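Open the model in your viewer and keep the selection panel at hand. The stops below say what to select next and what is there.

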Amino acid sequence: MNKKFLPSYQSLELVRGNSRYYIKVITETKKGNRKLFRNTFNLNRIHSIPERIARGEELVNKIRFWL
């Protein structure tokens, strides 16, 4: 029985908006539909912008490792 390998995500990135930061993940379902998730992971509660960016990049790397 041949199984098709589907990647768990198509895009994973830290998005830096004007005042909000979030992690954007685009996944594809088995039917070929795309789903968009935008999670903040409480990044916007960190007041220091360099610390917020560092924490966001750390989370992106952890999510890539997990997926």
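Is Glu 58 buried, partly exposed or exposed? At 35% relative accessibility, Glu 58 is partly exposed, where buried means under 20% relative accessible area, exposed over 50%, and partly exposed in between (1.4 Å probe, protein chains only).

Before going on, note that this is a predicted model, in which local features need pLDDT of at least 70 and side-chain atom pairs count only at pLDDT 80 or more, while totals for chains, interfaces and linings use all residues. Residues are numbered from 1 along each chain as its sequence is written, and side-chain values use heavy atoms, with hydrogens and water left out.

**Whole chain**

Show the cartoon. The protein has 1 helix and 3 strands, in the order β-β-β-α from the N terminus. Helices (H or I, at least four residues) and strands (E, at least two) are DSSP runs, numbered from the N terminus. Of the 67 residues in the protein, 25% are buried. The accessible surface comes to about 5600 Å², and carbon and sulfur atoms hold 50% of it; areas come from the Shrake-Rupley method with a 1.4 Å probe, and for residues only the protein chains shown count as cover. Among contacts between residues at least 6 apart in sequence, 31% join residues at least 24 apart, a contact being heavy atoms within 4.5 Å.

**Strands β2 and β3**

Select 21-28 and 34-39. Glu 28 stands opposite Arg 34 in β3. Between the two strands of this hairpin are 5 residues, and Gly 32 takes a positive phi near 95°.

**The core**

Next, show side chains for Leu 12, Leu 14, Tyr 21, Ile 23, Val 25, Leu 43, Ile 53, Leu 59, Val 60 and Ile 63. Together they form the largest nonpolar core, with 10 residues. Such a core is a set of buried Ala, Val, Leu, Ile, Met, Phe, Trp, Tyr and Cys residues joined through side-chain atoms within 4.5 Å. Helix α1 gives the most, with 4 residues. In soluble globular proteins, nonpolar side chains tend to be buried together.

Stay on Tyr 21, one of the core residues. Which residues is Tyr 21 in contact with, leaving aside its neighbours within four places in sequence? They are Val 15, Arg 16, Thr 40, Leu 43, Asn 44, Ile 49, Arg 52 and Ile 53.

**Salt bridges**

Now colour the charged side chains. A search of the whole structure finds 4 salt bridges, each a side-chain nitrogen of Lys or Arg within 4 Å of a carboxyl oxygen of Asp or Glu. Select Glu 57 and Arg 16: they form one of them, with the closest N and O atoms 3.1 Å apart. Glu 57 is in helix α1 (residues 49-66) and Arg 16 in strand β1 (residues 11-16), so this pair ties together parts that are 41 residues apart in sequence. Glu 57 is partly exposed at 39% relative accessible area, and Arg 16 is partly exposed at 46%.

Arg 55 and Glu 58 meet in a salt bridge of 3.1 Å, N to O; both lie in helix α1, 3 residues apart, about one turn of the helix. Glu 58 also forms a salt bridge with Lys 62, where the closest N and O atoms are 3.5 Å apart. Glu 58 and Lys 62 are 4 residues apart in helix α1, again about one helical turn. Shared partners join Arg 55, Glu 58 and Lys 62 into one network. Arg 55 is partly exposed at 32%, as is Lys 62 at 36%.

**End of the tour**

Select Arg 64, which is in helix α1 and partly exposed at 38% relative accessible area. Not counting residues up to four places away in sequence, Arg 64 touches Tyr 9 and Leu 12. The C-alpha atoms of Arg 64 and Glu 13 are separated by 9.8 Å, with the two residues 51 apart along the chain.

Last, select Phe 65, Trp 66 and Leu 67, which make a nonpolar surface patch of about 450 Å². Patches consist of residues with over 30% relative accessible area and no salt bridge, with like charges joined within 9 Å and nonpolar side chains (Val, Leu, Ile, Met, Phe, Trp, Tyr) within 5 Å. Phe 65 is found in helix α1 and is exposed, with a relative accessible area of 71%.

Note on methods: Pairing = 2+ DSSP bridges.
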